Protein chains: 4
Amino acid sequence: MSGNTFGTLFTVTTAGESHGPALVAIVDGCPPGLPLTTADLQYDLDRRKPGTSRHTTQRQEPDEVEILSGVFEGITTGTPIGLLIRNTDQKSKDYSAIKDLFRPAHADYTYHHKYGVRDYRGGGRSSARETAMRVAAGAIAKKYLATQGIRIRGYMSQLGPIEIPFKTWDSVEQNAFFCPDPDKVPELEAYMDQLRRDQDSVGARITLVADGVPPGLGEPIFDRLDAELAYALMSVNAVKGVEIGAGFASIAQRGTEHRDELTPEGFLSNNAGGVLGGISSGQPVVAHLALKPTSSITTPGRSIDVAGNPVDVITKGRHDPCVGIRATPIAEAMMALVLMDHVLRHRAQNADVRVTTPILGQL
Amino acid sequence: MSGNTFGTLFTVTTAGESHGPALVAIVDGCPPGLPLTTADLQYDLDRRKPGTSRHTTQRQEPDEVEILSGVFEGITTGTPIGLLIRNTDQKSKDYSAIKDLFRPAHADYTYHHKYGVRDYRGGGRSSARETAMRVAAGAIAKKYLATQGIRIRGYMSQLGPIEIPFKTWDSVEQNAFFCPDPDKVPELEAYMDQLRRDQDSVGARITLVADGVPPGLGEPIFDRLDAELAYALMSVNAVKGVEIGAGFASIAQRGTEHRDELTPEGFLSNNAGGVLGGISSGQPVVAHLALKPTSSITTPGRSIDVAGNPVDVITKGRHDPCVGIRATPIAEAMMALVLMDHVLRHRAQNADVRVTTPILGQL
Amino acid sequence: MSGNTFGTLFTVTTAGESHGPALVAIVDGCPPGLPLTTADLQYDLDRRKPGTSRHTTQRQEPDEVEILSGVFEGITTGTPIGLLIRNTDQKSKDYSAIKDLFRPAHADYTYHHKYGVRDYRGGGRSSARETAMRVAAGAIAKKYLATQGIRIRGYMSQLGPIEIPFKTWDSVEQNAFFCPDPDKVPELEAYMDQLRRDQDSVGARITLVADGVPPGLGEPIFDRLDAELAYALMSVNAVKGVEIGAGFASIAQRGTEHRDELTPEGFLSNNAGGVLGGISSGQPVVAHLALKPTSSITTPGRSIDVAGNPVDVITKGRHDPCVGIRATPIAEAMMALVLMDHVLRHRAQNADVRVTTPILGQL
Amino acid sequence: MSGNTFGTLFTVTTAGESHGPALVAIVDGCPPGLPLTTADLQYDLDRRKPGTSRHTTQRQEPDEVEILSGVFEGITTGTPIGLLIRNTDQKSKDYSAIKDLFRPAHADYTYHHKYGVRDYRGGGRSSARETAMRVAAGAIAKKYLATQGIRIRGYMSQLGPIEIPFKTWDSVEQNAFFCPDPDKVPELEAYMDQLRRDQDSVGARITLVADGVPPGLGEPIFDRLDAELAYALMSVNAVKGVEIGAGFASIAQRGTEHRDELTPEGFLSNNAGGVLGGISSGQPVVAHLALKPTSSITTPGRSIDVAGNPVDVITKGRHDPCVGIRATPIAEAMMALVLMDHVLRHRAQNADVRVTTPILGQL
């Protein structure tokens, strides 16, 4: 495969550049019989879309998705689902300023060396604009997973230096940050306002939780559920780290502390993050991801041009000062794609397995 | 694919249980013409193998590998390379004690639910014993990568609470910990000795560095180099987190700090860890992984049996008190497999690309 | 993968139903730097499109393709190429007559059993309408292959009972049948006119020839070039048989007759069809395919409905009386996709191979 | 993938050369809970193995298979199954005579050009010896398919010029030819004896029938069941053609003749060979394959050496005068692998589909 297809049985193939005519995706492997309309996709697309608060890019994209195939009379047919989103706000600004140089921390330099030719307008294929299609495809997965009792949710657990302990899911959809604590929101807003004044950007941490995941998902030894999550989440723009459960905190833990003991009433803790030996345990699947600060900032930086000459770069235009703010729905979508794929993969080979051992939740 | 094949063009398929007759692997896609002998594989197998110090399991496995195919007169032929390692020290101990119960933090519970039937002897397929084949396959990749000027090395950067700043590669192969600072070794030994007396285990952090990686490796948007590294490294037993470059520290960084500026003399820093937009930049590729504490400890823990009844579990036998100690060659092998695969993938599609822009190293 | 993606490194994923809003495809893995415009795709689309003579369906589809991504300033960028063709002539006829019954020799019965739900309008996904996207994608492959000196051509070698010996390529594009002998065309026309009067349909045989294929393409032991061609060609609607070179005639051949002897001036024959041991030999690659008669005919046939009751079926509408007539560009496209994929696969692993043995053509 | 792995969910990866130390395979994706012993594999291995009659090669290989993993206490565990067959009769004959030249119709020339280096002993990887592993893996698939009511059988339907109409399955295992008509056997034996005296070889045709295949297997539009069968069967050494159902005879058929009408009592014919629109119909799946005459004959033939000089070649050694004689179990195995894979693939995505329409057999 050539890099733009995700998944084994539930596959998502995407195409499209930031400033090209459209984004397109083909979702293959969706089971037949699922009710599906554009409204199902639009909900998450709207959660991701730019321009909904002053803390994100002001590019205006309605991100209206069209279903081209695979759905008949409102029901999936088992044939591939074609999705189309037209780009509408590709500003006809002059890109000649960045055409022949490399913005620091962008993919300009690496695309140039890899492909020799690149669509430099707005980052082309390397722009986070492509994540719109991940979200649309993820929404299909989410809808199917819901029929299996699986729910995926995410929230911002850190913004720059500000840690955000989880308080309540009720808060998450009530603010522009996917912040799970309403009392923290003013602090986040103040921080972002100052950041804009500083002409700078900052990173963030997102936490994902999937509830209702049955035990058994994941295909060792390579396609472990945690390994596939790491792959999926690290493939999102700006992500520099992924943890499952206790993650890096496991390093300093002792075995007596880390191991999640089992009782007939349930697991006593969830340091594993719901994955043991690469297979879901029935506990909530928990992952964290680290997003780096946006590379597009107006503070000048040193760089070179294609000929190797030194230049100073300022990235103008409309950019998110913290890409992490809009990352929650994207990360949720990627987790949904992984779980969906593994529901199907598990079903293929283990359809006849029947164990009577109780499924444990977390106490 | 069913989970036991790694890679797209340079593929490694493995089989084998901890206490079965043998481990076996098929490495497909190795370019023809590479000189290869068992000695090339044995070097890393010996670095990984158990029983070389008092800080690892005392199971004695010579891990002697046989090349069954794909090599003719000492040269690879382009046909698949079959590898075989017989298990020799599967102690005939009585496993009936753990047959019907689930050791906390092990894969017992999840394998039971997924497959209904499992080889419970020594963890079966979920045992880290299977990593021997990863190391053997990785050694082939390493040898080929060396012909391309790429070198992969790793070291332990943290043992439990003890952080180990990098000092010198010269130290790494001189101690049982892959510790890059000879002065730290006594502290590590003392810690491990105390840990054993405590009948406990602990986690560790491994750092990997690949030098000589050319710009251009990685296939966005999903099969990014960093995403594939995350997948590969998270698939190793006990790994709970993966970082690229600055990793989780990126969260609190500002854009002006994180972005690696470019000058004609080279990049000024390497927060990116050598990957931009999912493609190698020509800088060293740097990854970190977190390993959890070993689950097999002799301090009793609460659990249940297959009928759901509460039991107390003690894991006897021969186990590593810190799986991280032997993890460095395994992690190196996985990075080698990823880079090897991406060298081939990049070559396939971009063979004709010729750019004159200079390749930058790190200052 | 879920069945709608073709290829390993040069992949084509398609979606779209006969009477849905559009056909869509994503072509991934095209090397960067290839000049490409919609005109390059339109040439073959026009060769395939319906309604160009009285011998094919009268459905009017301009089959105008839009390139959505992957091409910048007329040059491929190495990123995936999105393709879109809107359906324009989905007649709003009443399909209730066929909604609940199964047309003999159609996919109605099997789609019903597989998916439970199906888009019955015009055959839905099982319609040959989807081959438009194969042709568009194949045109990209053809264009790249031409830069490597590889040319793919096809012709009709049999129409129903009428065998058509090859005479000249010059004739092939000069008639509605892709017939390589202009003197045969009146006979074919008369046969088709009678067939229409008989309200019946008939099969056909297509022959494909690829010139300029270098030795070395094909990946034994499973992904042999001939095996991949068989897969690709058998995946085309209505195809019931595939031969390479002498094909079924090999059965009665003796070894002394079949083997293609080699001389310094070239091979003395081409019974192998340009493939030995699954790898191209440098001779022309030759394949033949058999297409069954169209299933949609107006002569009544016995069938059942979804409840299992007997019914009589007449397939009205606009249909090809011989699907083989339009099959040549489709078959060429599939051969192009296979060769393109194998050019890339071969390049990945054998980039360093240099042999001085001469490449032989055919005498 | 690099060519030596077959399948999507039930995958078989093989390695091994004709005169290397061993053949090895890894079968991944076998559902857990299947009773499996080496005896299950040995039955078909013995049917394929050489030296069982005077009409096949006299190489003596017991082909004893060892199961290295994936089976515990006689039951598959869902983990990959490693298989090993040691080569025992690699005669230490001098291969220097063929080392630097290309035997006509062999893979020598193409392997040389592709890989630059090759194991020339007995054909190396291109030898039909590798099919032993296909047979072993196929036996696992057959055993599982039997639990689903699916049975795969094959027979020789033509030997050189002698057509063999099907008479009875009872005869097939009673003679060296897999001939379904006991009265034909003397004619076949006489033909083969004369052929040996002529120092020549001949082709054959094999017919495969799978009974009990449920409707619904196959994944359009590319991974159709017939397309996958064509791929699988064409990947077998010496195969030059594949047909499904009426195959090439479909060309001259009219639609009224070809279409298999349906009645409540069943289909009235099976020109489709059990596949409609790429999906199994519930009728028997029928395929035919054409095998070319053996290339290894002692009648001298013209060729060239690696330097391009003309040479005369005689292929000495132990060879089958008709590779088709031993091909039946190999072809059965490939059909089993395809059906097995598609049983799993179908199950993954269509587990919830429930239709009440009756499943039709053939009248």
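Biologist: How many residue pairs are in polar contact across the interface of chain B and chain D?
Modeller: The rule finds 12 residue pairs in polar contact there, both residues at pLDDT 80 or more. A polar contact is a pair of N or O atoms within 3.5 Å; within protein, one atom must be able to donate a hydrogen and the other to accept it, and residues adjacent in sequence count only if both atoms are side-chain atoms. This is a predicted model, in which local features need pLDDT of at least 70 and side-chain atom pairs count only at pLDDT 80 or more, while totals for chains, interfaces and linings use all residues. Residues are numbered from 1 along each chain as its sequence is written, chains are lettered from A and ligands numbered from 1 in the order in which they are written, and side-chain values use heavy atoms, with hydrogens and water left out.

Biologist: And how many salt bridges between chain B and chain D?
Modeller: The rule finds 2 salt bridges across that interface, a salt bridge being a side-chain nitrogen of Lys or Arg within 4 Å of a carboxyl oxygen of Asp or Glu. B:Arg86 forms a salt bridge with D:Glu66, and the closest N and O atoms are 2.9 Å apart.

Biologist: Which element gives the most to the side of chain B that touches chain D?
Modeller: Strand E2 (11-15), strand E3 (22-28), E4, strand E6 (75-76), strand E7 (81-86) and H3 of chain B each supply at least two residues to that side. E3(B) gives the most, with 5 residues. Helices (H or I, at least four residues) and strands (E, at least two) are DSSP runs, numbered from the N terminus.

Biologist: How do those residues divide by class?
Modeller: The side of chain B that touches chain D has 20 nonpolar, 19 polar and 9 charged residues. Ala, Val, Leu, Ile, Met, Phe, Trp, Tyr, Cys and Pro count as nonpolar, Asp, Glu, Lys and Arg as charged, and the others, Gly among them, as polar.

Biologist: What area do chain B and chain D bury?
Modeller: About 3500 Å² between them, with 63% of it on carbon and sulfur atoms. Buried area is the accessible area (1.4 Å probe) that two parts lose on being put together, summed over both. In chain B, B:Met1, B:Leu68 and B:Phe72 lose the most area to chain D, together 18% of what that side buries. By contact (heavy atoms within 4.5 Å), 48 residues of chain B meet 48 residues of chain D.

Biologist: Now chain C and chain D. What do they bury?
Modeller: Chain C and chain D bury about 9400 Å² between them, 60% of it on carbon and sulfur atoms. In chain C, C:Lys114, C:Phe222 and C:Lys240 lose the most area to chain D, together 10% of what that side buries. The contact takes 118 residues from each of chain C and chain D.

Biologist: How many salt bridges there?
Modeller: The count is 6 salt bridges between chain C and chain D. In one of the pairs, C:Glu219 meets D:Lys114 through their side chains (2.9 Å, N to O). Helix H3 (residues 108-115) of chain C gives the most to the side of chain C that touches chain D, with 7 residues.

Biologist: Different topic. Where is A:Asn237?
Modeller: A:Asn237 is in the loop between helix H7 (225-234) and strand E11 (239-244) of chain A. In an unreviewed entry, UniProt lists A:Asn237 among the positions of the feature "binding site", together with others including A:Ser126 and A:Ser127. UniProt positions are given in the numbering used here, feature names are shortened, and annotations may be inferred rather than shown by experiment.

Biologist: Buried or exposed, A:Asn237?
Modeller: A:Asn237 is buried, because its relative accessible area is 13% and buried means under 20%, exposed over 50%, partly exposed in between (1.4 Å probe, protein chains only). A polar atom of the side chain of A:Asn237 lies 2.9 Å from the backbone oxygen of A:Ser126. Not counting residues up to four places away in sequence, A:Asn237 touches residues including A:Glu130, A:Leu291 and B:Arg224.

Biologist: How many salt bridges over all chains?
Modeller: A search of the whole structure finds 108. One of them joins the side chains of A:Asp320 and A:Arg326 (2.7 Å, N to O), and both A:Asp320 and A:Arg326 are buried. In chain B, the side chains of B:Asp44 and B:Arg47 meet in a salt bridge (2.8 Å, N to O).

Biologist: What separates B:Asp44 and B:Arg47?
Modeller: About one helical turn, because B:Asp44 and B:Arg47 are 3 residues apart in helix H1 (residues 38-48) of chain B.
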